[in-house]
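Hi,

Here is the structure I promised to pass on.

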Amino acid sequence: MFLKKFLTLSIATLAITFNANSQKGGDEVVMTVNGEEITKNEFLQVYLKNNEAPKYDKESLDEYVELYKKFKLKVAEAEALQYDTIPSLKRELKGYKEQLAHPYLVDSSKTKELLQEAYNRMKSEVKAAHILIKLPQDAVPSDTLIAYNKALALKAKIDKGADFGAIAASSSEDPSAKMNKGELGYFTAFQMVYPFETAAYNLEIGEVSMPVRSSFGYHLIKVSDKRPARGTITAAHIMVMTQANDKPEDIANAEKKINEIYVKLQDGESFEKLAKSYSDDQGSKAKGGQLPPFGSGTNQRMVTEFEDAAFALKENGDYSKPFKTDYGFHIVKRIDYKPLGSFEELSSQIKQKLNRGDRANQSEMAFIAKLKEENSFKDKGSKRLTWFYENIDSTVFKKNWEKPELDKNKWMFKYNGEKFEMQSFLDFIAKSKIRKPVPVRNFIDEKYKQWQAAEIMNDEKSRLEDKYPAYKALLQEYHDGVLLYEIMKDKVWDKAIKDTVGLQKFFEANQADYQWTDRIDGIIYSSNKKEMLLEAKLLEDIDSLTMYDILNKVNAESQLNLEADKGKFIQSNNEVLKNRSFNEGANEIFKMGDKYYFVVVNELMPAGPKSLKEARGSVIQAYQEHLEKEWLKELSEKHTINVNQEVLYRIGE
């Protein structure tokens, strides 16, 4: 996240005396920015957050204070320019506030229970099929009963011996059921809606559930298998890439190439060496084809065919036969395998999924119930709702609905010493988004639950900053980070790009910093066999042949015979070219490591100045640093920062 980055890197110079006895809420003050106090505890919290191994010696503290002052100068300028009133930033900050509040607005004990349940389920995978009878979430009781009885009747047929798959194909309202007979394959926690997942994990193999209600309707679920979670695998692969629009002959050549590589593996050649020589996966070939770990408990996933091939390998060092995915042809090798991680290792990842999924509602409901218990909740909704049933009709679902007038504005519930009245609920209904018509009584009951929960949660949110200092500090950090990002964009980053005249002048003044070293414009041919390069060298003498023509001719029998790389190479940065002398035209064949090389030089490009176009990225970065330095000088004269060094140097006490 950019906030921590900026807080660490962009945090000017101005010192430094004031009343050492100045305090805020009993906490000593380390610094003031335009008179606003930053206490010892506030500063220490930020310091520890941005230093994994904090030091409290004078040198370390002075160094960090200089960074922090730069940061505070920029934030102070953003506030002076009223960046926090920009509508888009206000919306962004409001969104962050909602996100940051969430951990404080759930029942922690319920969350722990759900965390443990989810982890226990992640230990295994369930294979199931289902039959769906669709039903809207807001269906009236009569429709709900019809759907339930329909599902129950189908279960009765299955219990008497009817085939589950055949019933699914003929009667399920899941559109895919006719094709797959209701089969869903293997799944684990978080991959199905929560009620469905819970029912499936509680069933025995071969058992068919009673009708299970979810947001989609009623399900009959049959579990056909359960297996332990696959765990995590570390693998390497060799890939010969293909693309969807490749010609048939290109795909055939790719398949031929992967099969030739497989033969070399069977003949005992090193997997890592072959990956480095022939794999088209640029992200892994330099590491011998090794990939990040994937599987259970990781965020890294591979396509199904790749995972199945990898997990089918029984021992470390085993490799697969060539197989195809949408990305091309692969050979995969197992390097290491680990079972599912421990609860402690995976709890953070599981908690993120809890917060995003339908389990989150359970924690929130439990939290609201706890708040009601703690804050003298009293409900008269059962009496007061009668007026709403009698005075609201189906026109409530139309635009420009006119609210009925209340005779008396009585309270509907009391909470934390405050009365919440009928008029407030009526206003809440009027502000609701227009939705498709449902039974009015159902609509009013649902809205009452929503209104009650919203009012209780709003009351709790209003108290968070007073109840939880850490939350208040985090809000301030996000506030400062958002303002910092926007003002840096305007004053430094975007300005450096848009100020073309200033950029040109800066480049000309610093031309000596932007120079090319010796370069070669040409082609590097390589092969494990010297005779292939001899053939390529003979073909190079034919003027009409391109690099691609030469590759096709030499690789007519095998795609492994010859490789080529074309471009402008910085000689000192290229392992093949550095510390060697070359002439324009075809050069002599030479050996380096296990391979032979042949270099064709189109042009020797001596060291010299770069153009602005060639150096643009580096010049912009340097110009941004220049603009920031000059800007900070202006800010240090505009804003006042004072540091209480006596308190600063006691920060670790």
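How many Å apart are the mean positions of the positive and negative charges of the protein chain? The answer is 5 Å, for 98 positive and 102 negative charges. Lys and Arg count as positive and Asp and Glu as negative, leaving out His and the chain ends; each charge is placed at NZ of Lys, CZ of Arg, CG of Asp or CD of Glu.

Some housekeeping: this is a predicted model, where local features need pLDDT of at least 70 and side-chain atom pairs count only at pLDDT 80 or more, while totals for chains, interfaces and linings use all residues. Residues are numbered from 1 along each chain as its sequence is written, and side-chain values use heavy atoms, with hydrogens and water left out.

On the overall build, the protein chain has 23 helices and 22 strands (DSSP runs numbered from the N terminus: H or I of at least four residues for helices, E of at least two for strands). Its radius of gyration is 34 Å, well over the 26 Å from the globule rule for 653 residues, so the chain is more spread out than a compact globule. That radius is taken over C-alpha atoms, and the rule is 2.2 Å times the number of residues to the power 0.38. The C-alpha atoms fill a box of roughly 100 × 85 × 50 Å along the principal axes. Of the 653 residues, 43% count as buried (under 20% relative accessible area; exposed is over 50%, partly exposed in between, with a 1.4 Å probe and protein chains only).

Now the salt bridges: there are 29, counting a side-chain nitrogen of Lys or Arg within 4 Å of a carboxyl oxygen of Asp or Glu.

- Lysine 370 meets aspartate 107 at 3.2 Å, N to O. This pair links distant parts of the chain, 263 residues apart: lysine 370 is in helix 14, aspartate 107 in the loop between helix 4 and helix 5. Lysine 370 is partly exposed at 33%, whereas aspartate 107 is buried at 8%.
- Glutamate 272 meets lysine 333 at 2.8 Å, N to O. Glutamate 272 sits in helix 11 and lysine 333 in strand 11, 61 residues apart. Here lysine 333 is buried, at 15%, and glutamate 272 is partly exposed, at 32%.
- Aspartate 459 meets arginine 463 at 2.9 Å, N to O. Both lie in helix 17, 4 residues apart, about one turn of the helix.

Finally, a network of salt bridges links Glu117, Arg121, Glu197 and Arg359.

Cheers
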